[in-house]
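Visitor: I've got a new model open and I'd like to learn how to read it. Where do we start?

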Amino acid sequence: MGSTLRSATVSAGGWLPAALIGTAAATLMFGVLEVLLGLHADRPVLWLALLWLAIWAFTALLHTLRAGLDAVGSVVILVLLVLQLGGSGVLYPVQIAPGFFDVLHPILPMTYTIDAFRYAISGGETDRLVLHIIVLVGLLVGALAVTTRAVARRRQWTITRLKPELEI
């Protein structure tokens, strides 16, 4: 171990600044939409809470991919973003998307985020809202746990890390 800090503390220290910036940006966006543009959500407090939860969950996911996969994580993040934009119903209905999006749609976390946002903004039945919140909380907790594990693994000193092979 290179430090006496717990891996969870180090993991949270890497995630928290981005999560706080995202929270501020989401709050600013919410204020602009509600006050300046006049989009009055059906459930504004729920919508703001969902914005924050989504920011925290997706920031944790991105932090996990970068912490666990290094530079490859950046490529995975880009691919995941493209798949989620096409497969979650955010840009156009999934029914008119190519067939493989029918398979991806229920497993993409942005699907649940968009559906929860739609409920908070325009109302509707609450039967699926609890599922959407559980998915986002699960993504947040799971991503932070995986990041903590990745940090713990990287903090272990091994012979290979102490004395890497020289390449000529």
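Guide: Let's start with contacts: two residues are in contact when heavy atoms lie within 4.5 Å. This is a predicted model, and in its protein chain, residues 24 or more positions apart account for 64% of the contacts with a separation of 6 or more.

Visitor: How do I read a nonpolar core?

Guide: Here's the general idea: in soluble globular proteins, nonpolar side chains tend to be buried together. In this chain, 35% of the 168 residues count as buried. The largest nonpolar core has 28 residues, and Trp47, Leu50, Leu51, Phe58, Phe117 and Leu140 have the most contacts inside it. H1, H2, H5 and helix H6 (129–154) each give two or more residues to this core, with the largest share, 11 residues, coming from H2.

Visitor: Which residues does Trp47 touch, leaving aside its neighbours within four places in sequence?

Guide: Trp47 is in contact with Phe30, Leu33, Glu34, Leu39, Ala41, Phe117, Ala120 and Ile121.

Visitor: And pockets? What lines the largest one?

Guide: For a pocket, look at its volume, then at its lining. The largest pocket here has a volume of about 330 Å³. Its lining has 17 residues, with Ala54, Ile55, Phe58, Leu81 and Met110 nearest the centre. H2 supplies the largest share of that lining, seven residues. By class, the lining has 14 nonpolar, three polar and no charged residues.

How values were computed. Residues numbered from 1 in each chain as written. Predicted model: local features only at pLDDT ≥ 70, side-chain atom pairs only at ≥ 80, totals over all residues. Heavy atoms only, no water. 1 Å grid on protein atoms, 1.4 Å probe; cavity = no way out; pocket = protein on both sides within 12 Å on 5 of 7 lines; lining within 4 Å. Points joined across faces, edges and corners; volume = space filled by probe spheres on them. Helix = DSSP H or I, 4+ residues; strand = E, 2+ residues; numbered from the N terminus. Nonpolar A, V, L, I, M, F, W, Y, C, P; charged D, E, K, R; others polar. Core = buried A, V, L, I, M, F, W, Y, C linked by side-chain atoms within 4.5 Å. Buried < 20%, exposed > 50% of the residue type's maximum accessible area, 1.4 Å probe, protein only.
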